Amino acid sequence: MNPIRILFRRELASYFATPVAYVFIVIFLLLSGAFTFYMGGFYERGQADLQPFFGFHPWLYLFLIPAVAMRLWAEERKSGSIELLLTLPVTMGQAVLGKFLAAWAFVGIALALTFPIWISVNYLGEPDNGVILASYLGSLLMAGAFLAVGSCLSAMTRNQVIAFILTVVACFLLLLSGFPLVLDFFRGLNLPQGVIDAISGLSFLTHFNAISKGVLDLRDLFYFALMIGFWLYATTIVIDLKKAD
Amino acid sequence: MIETRDLSKRYGDLVAVDGIRFSVQPGQVLGFLGPNGAGKSTTMKMLAGFLTPSAGSASICGYDVVESALAAKRLVGYLPEGAPSYGEMSVRGFLEFVADVRGLSGDARRRQLDDAIGRLSLQGVMHQSIDTLSKGFKRRVGLAQAILHDPKVLILDEPTDGLDPNQKHEVRALIQAMAKDKTIIVSTHILEEVHAVCNRAIIIARGKVLADDTPSALEARSRFHQAVSLTAENAAAVRDVLVRIGDVAAVEIDAQDQRLTAFPRKGKAIFASVVEALRANAIQVREIALEQGRLDEVFRQITTSAQEAA
């Protein structure tokens, strides 16, 4: 069997061996529901779409995904099991990928469990299910990018709290890089428009919003794939540098 | 077979392992001795493929631990210090996971699992999660994981740490049973263990090899080697008798239990002449023993003189 699959299975099972998985899933479902109905005005809008639901995902992920990602490597380092893992006949890349995919699949399960809202909106009206599917895909990709950032920062420390905070901050900046809050700062520096566009192009939110409008542009998909690839590669480098201490 | 060539590891300015060179053949059980922080664990971590050497190289059965890392790792069974594992997993789940990663399948997988579980008497705890196990059982799970794939090379970092005397005995018996066709390195700071399981010992301190010999040859370096110790009624009088023997270099009386020890001049055997002198002077001894040498004394002597030199 492929080592990535074996690591993936072990890792995914370990989420469900502790209350972590259940707490996460329940909180995620409660919060996404609450946001949609109370803050998103799901009924009041009178439109058959899931915009109020997906619109809150970036902000929900900002705090919930780092909570999943923080244990990825910090826990292995804390307990010393990283020494066991990396002396088994697996490559660093396989270990990083196996653990990341398990975390991603876990978040995917939580996301899939929001299906009642999709049933509701189909019962109430006639939404564009293509847009909804694209939004789910975009949300999953964004979750993957958050997790990859968290994986890298979790490898930097053996303290899960530090890993959590670092990940929240990094993800916050990556989210907001398309927002006036960050962009105005750079505009104030009189940077050329190209640089501003590049910074704005780094934003999770810009790409997520594009996908969740139902426009599956290859560039947006590439963006998330590259983001995930970059941060996972960075994870292997960080582990190599930091595993001795 | 394990070979290291000028193996070194630096952390910034700190030199943890400084040009270590040795080789271990199948059938040898090498005891790795040294004070805390001497570089024992760091050396073992490099051999197991966890840390990358800063300089020099190491190979496992001809496979370089950096260049052919995967091939080397396949041949090694490694028990890290403290026997870490995944606490939330059951013992069975954990061992099956390791078996899968090690590429065992079918009959071989079942046979190897049963063998490791049997050797470490884990049958009773297979369904418990590792977090709930006692320290001794955790250590045994770590050992089971290390021997699961019947590795050619075993690297065990403090395998008996935290075990009770009975468990220590079992683990030593296990190591001895596996020693025949394997290359084994055991680190420890329990010196009696060296005698119990090792046929070779390396003492390292400050990252350097200070001694590399059989345990008995190391003991022979002790001034207690071939010394005669005894207890008798009038210790002071007996001492006067013993110091007059030609080959006796010195006689000491232990302040606590009044035990007399007669030290021989270098390379001399004094047991027969001591017995004769005692008989000639009609001295009654309660008991008398020929000392083999004390490893702990040799250990202290070697490692502290290295410290003073530095």
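This is a predicted model: local features need pLDDT of at least 70, side-chain atom pairs count only at pLDDT 80 or more; totals for chains, interfaces and linings use all residues.
Four strands of chain B form an open sheet, ordered S12-S13-S11-S14, with antiparallel pairing. Strands S12 (248–253) and S14 (285–290) of chain B stand at the edges; each has a single partner strand, so one side of each is left without a neighbour in the sheet. From one strand to the next, the twist averages 15°.

Two helices pack on this sheet. Helix H9 of chain B, residues 235–243, touches S11 (228–232), S12 and S13 of chain B, and its direction makes about 175° with that of S12(B). Helix H10 of chain B, residues 271–280, touches S11 and S14 of chain B, and its direction makes about 165° with that of S14(B).

Now turn to chain A, where helices H11 (residues 180–188) and H12 (residues 193–201) have axes that come within 10 Å and cross at roughly 160°. Because angles over 145 degrees count as roughly antiparallel, H11(A) and H12(A) are described that way. The crossing in which H11(A) passes H12(A) is right-handed. On the H11(A) side, the contact is made by Leu183(A), Phe186(A) and Arg187(A), while H12(A) brings Ile196(A), Ile199(A) and Ser200(A). Sorted by class, the contact between H11(A) and H12(A) has four nonpolar residues, one polar and one charged.

Definitions and conventions: Residues are numbered from 1 along each chain as its sequence is written. Chains are lettered from A and ligands numbered from 1 in the order in which they are written. Side-chain values use heavy atoms; hydrogens and water are left out. Two strands pair if DSSP finds at least two bridges between them. Axes are lines fitted to C-alpha atoms, for helices over the stretch in contact, and angles run from 0 to 180 degrees between N-to-C directions. Contact means heavy atoms within 4.5 Å. Angles under 35 degrees count as roughly parallel, over 145 as roughly antiparallel, 65 to 115 as roughly perpendicular and the rest as oblique. A crossing is left-handed if the near helix is turned anticlockwise from the far one by less than a right angle, and right-handed if clockwise. Ala, Val, Leu, Ile, Met, Phe, Trp, Tyr, Cys and Pro count as nonpolar, Asp, Glu, Lys and Arg as charged, and the others, Gly among them, as polar.
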